[in-house]
Amino acid sequence: MMRPSRRRRGITLLETLMTAAVLILGIGVVASTVVSIVRLNRRNLAQAQAYTIAEWWLERVTRMGCKADEEVNPCADIVKLETDPPVTLYWNASGIPSETPPAAGANPEVARPYRVTIDVDPPFEGGEKGSPALDRQVAGMTLKNTLNVRVTVSWQDELSRDEYHAVALQTRVGP
């Protein structure tokens with residue numbers, strides 16, 4: 001006479017719990033990765049916008065230029081920029097930076113203020129000369145009226161509200 005088989009069928013409660021734990025852990029890792037990617041993309045967007053604003057200001061300074069026909073202070077318009085107060089700009093939907101703040105309750109990526117400051121050297125802080133020196137000899141002549149212009153764009157991280165970032169670009173301008 002044959003005995004009925006006593007093999008188990010199905011899965012136990014312990015196996016089900018272990019499978020659920022592994023699945024939950026996997027979903028948690030994927031969700032964490034997605035959050036990190038979104039945060040990194042937002043930071044890259046803010047950095048790209050700040051870089052664009054800095055380029056825009058440097059192009060503005062370059063267009064101002066120094067006036068070769070003025071002997072006393074040919075770069076006076078550019079030097080004056082250093083004494084101007086910092087400018088706050090906002091990125092808007094048209095892709096053009098604006099000094100007009102967005103409406104209350106706007107998307108934080110649009111409402112993010114960028115602070116633009118301009119540093120014009122000489123005079124260099126701390127007695128520096130720059131590299132290469134602004135008053136160096138070129139073709140037997142001492143350079144005059146050459147300026148080092150640095151544009152710094154800073155912003156605050158909208159997620160942490162305590163972390164600041166900055167992009168700095170510089171160029172030299174002369175008559």
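A residue counts as buried when its relative accessible area is under 20%, as exposed when over 50%, and as partly exposed in between (1.4 Å probe, protein chains only). Ser98 is buried by that rule, with a value of 19%. Welcome to a quick tour of this predicted model, where local features need pLDDT of at least 70, side-chain atom pairs count only at pLDDT 80 or more, and totals for chains, interfaces and linings use all residues. Residues are numbered from 1 along each chain as its sequence is written, and side-chain values use heavy atoms, leaving out hydrogens and water.

**The sheet**
- Five strands form an open sheet in the order S2-S1-S3-S6-S7, with antiparallel pairing; strands are DSSP runs of E, at least two residues, and helices are runs of H or I, at least four, numbered from the N terminus.
- Strands S2 (97-98) and S7 (164-173) are at the edges with a single partner strand each, so one side of each has no neighbour in the sheet.
- Helix H1 (residues 13-64) packs on this sheet and touches S1, S2, S3, S6 and S7; contact means heavy atoms within 4.5 Å.

**Ser98**
- Ser98 lies in strand S2, and its side chain reaches the backbone nitrogen of Thr100 at 3.0 Å.
- Beyond residues up to four places away in sequence, Ser98 touches Thr88, Leu89, Tyr90 and Asn92.

**Val173**
- Val173 belongs to strand S7 and is buried, at 7% relative accessible area.
- Its C-alpha atom is separated by 7.2 Å from that of Cys66, 107 residues apart along the chain.
- Setting aside neighbours within four places in sequence, the contacts of Val173 include Val61, Cys66, Ile78 and Leu147.

How values were computed. Two strands pair if DSSP finds at least two bridges between them. Axes are lines fitted to C-alpha atoms, for helices over the stretch in contact, and angles run from 0 to 180 degrees between N-to-C directions. A polar contact is a pair of N or O atoms within 3.5 Å; within protein, one must be able to donate a hydrogen and the other to accept it, and residues adjacent in sequence count only if both atoms are side-chain atoms.
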